[in-house]
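Here are a few friendly notes to read alongside the model. Please keep the view open as you go through them.

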Amino acid sequence: MDMSIAEKLIGRTALFVAVNSILSFSAAAYDGKRILLKWQNPYAATGKPFSGVMITYGTSGYPNAGGTLIYQGAGSNTTSGGWSQAIVTMPSYETTYYFSCRAYATCSAGTMYGGFYNANA
């Protein structure tokens, strides 16, 4: 189930859950075809789950929900509010890559997604 806000009915009560969004995102050339992707994890909050990030890329603009998936996971640090990173290898040299990153959470309602952060390198 792909949704930004999950609604689960419990009897007559609706429970709304929103994915906890990351706080920042950046991309920088690392060496050769490798790019360093960094983000700040969200602070833990009741009713706002966080499992990790999904990062896609494109070469003609920010891909948001489109593009090619280059990374999915929690990164190097799963601490609430902590900085996390991943190094990815891109297909070509001397190319500007545009990255879109969004938080996701996997729970009993399915997989839910947060908003996008964009960066290029």
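The points below cover the basis of the model, its strands and a salt bridge.

1. This is a predicted model, in which local features need pLDDT of at least 70, side-chain atom pairs count only at pLDDT 80 or more, and totals for chains, interfaces and linings use all residues. Residues are numbered from 1 along each chain as its sequence is written, and side-chain values use heavy atoms, with hydrogens and water left out.

2. Ala-27 has Leu-37 as its bridge partner in strand 4. Two residues lie between the strands of this hairpin, where Gly-32 takes a positive phi near 55°.

3. Strand 4 also pairs with strand 7 (residues 83-89), antiparallel and over seven bridges.

4. Now look at the open sheet of four strands, ordered 6-5-8-9 with antiparallel pairing. Its edge strands, strand 6 (68-73) and strand 9 (110-120), each pair on one side only.

5. Which residue forms a salt bridge with Arg-34? Asp-31 does, with the closest N and O atoms 2.9 Å apart; the term means a side-chain nitrogen of Lys or Arg within 4 Å of a carboxyl oxygen of Asp or Glu. A search of the whole structure finds one salt bridge.

Conventions
Pairing = 2+ DSSP bridges.
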